[in-house]
Amino acid sequence: MIVVNFKNYVYKQKALELVRTIDIYCNKAIVAVPIVDLMETAKNTTLPIFAQHVDFQELGRGTGYNIPEFLKEAGAQGSLLNHSEHKLSIAAVKKTINRCRDIGFKLIICVSNLNDVEKIKKLSPYAIAFEDPNLIESGKSITTHKTHDVEKFSKILQGTDIIPLCGAGISSGDDVKKAYDLGCKGILVSSVIANNPHPEEFLKEVASVKT
């Protein structure tokens, strides 16, 4: 599994073009697009579309919050949550997981330390993505610079239905292969695709990795 977080690198027509490129070279990817592009993107691809954030607030009062019902109606099948650029308390993560479970809205929970992995594991989200904020966009892969932590992370999730992902600095097919070798079932990436003039080069490498 490859999850591509577009962040705010591209939107509107460029986002649609990037989704088409991803679909050509890696048609099993999940793409997390800006909220303004959810509906249009979902109508123009068969790839699973995720939001980049979701809130636990209910229908009714709650100005400015992105609630799961609205995101689902716009075409999102799920959302990232607790990314290092949009951190939440464990209490807020728990509330959001419970809210989204009620309507079948999948969550990929980002975590930056093993203690939080243990806490989030008990909440049984769809997936957990282990990331090191210091390695994001560094070109230094978490699979090389945090090898033991990634391996420990994947072992914590063994025997569960939670999909273990890792991300931060992943920029080559070798990085992806190492993620699988360490026990992960996929990767979470962003700039190597969303901020890359030639994303197809990395996508081809990903597609050639044997898992």
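**A helix pair and its surroundings**

Modeller: Happy to! Helix α1 (residues 12-25) and helix α10 (residues 199-208) have axes that come within 9 Å and cross at roughly 30 degrees; helices here are DSSP runs of H or I, at least four residues, numbered from the N terminus, and axes are lines fitted to C-alpha atoms over the stretch in contact, with angles from 0 to 180 degrees between N-to-C directions. That makes α1 roughly parallel to α10, a term for angles under 35 degrees. This is a predicted model, where local features need pLDDT of at least 70, side-chain atom pairs count only at pLDDT 80 or more, and totals for chains, interfaces and linings use all residues. Residues are numbered from 1 along each chain as its sequence is written, and side-chain values use heavy atoms, leaving out hydrogens and water.

From α1, the contact (heavy atoms within 4.5 Å) is made by Leu 18, Thr 21, Ile 22 and Tyr 25, and from α10 by Pro 199, Glu 200, Leu 203, Lys 204 and Ala 207. Six of these residues are nonpolar, one is polar and two are charged; Ala, Val, Leu, Ile, Met, Phe, Trp, Tyr, Cys and Pro count as nonpolar, Asp, Glu, Lys and Arg as charged, and the others, Gly among them, as polar.

Now to the neighbourhood. Ile 193 touches Leu 18 and Ile 22, as well as Pro 199 and Leu 203, among others. Ile 22 and Ile 193 are among the residues with the most contacts inside the largest nonpolar core, which has 57 residues. Such a core is a set of buried (under 20% relative accessible area, 1.4 Å probe, protein chains only) Ala, Val, Leu, Ile, Met, Phe, Trp, Tyr and Cys residues joined through side-chain atoms within 4.5 Å. Helix α1 gives the most to this core, with four residues.

Technical notes: Helix = DSSP H or I, 4+ residues; strand = E, 2+ residues; numbered from the N terminus. Parallel < 35°, antiparallel > 145°, perpendicular 65-115°, else oblique. Buried < 20%, exposed > 50% of the residue type's maximum accessible area, 1.4 Å probe, protein only. Lists of a residue's contacts leave out its neighbours within four places in sequence.
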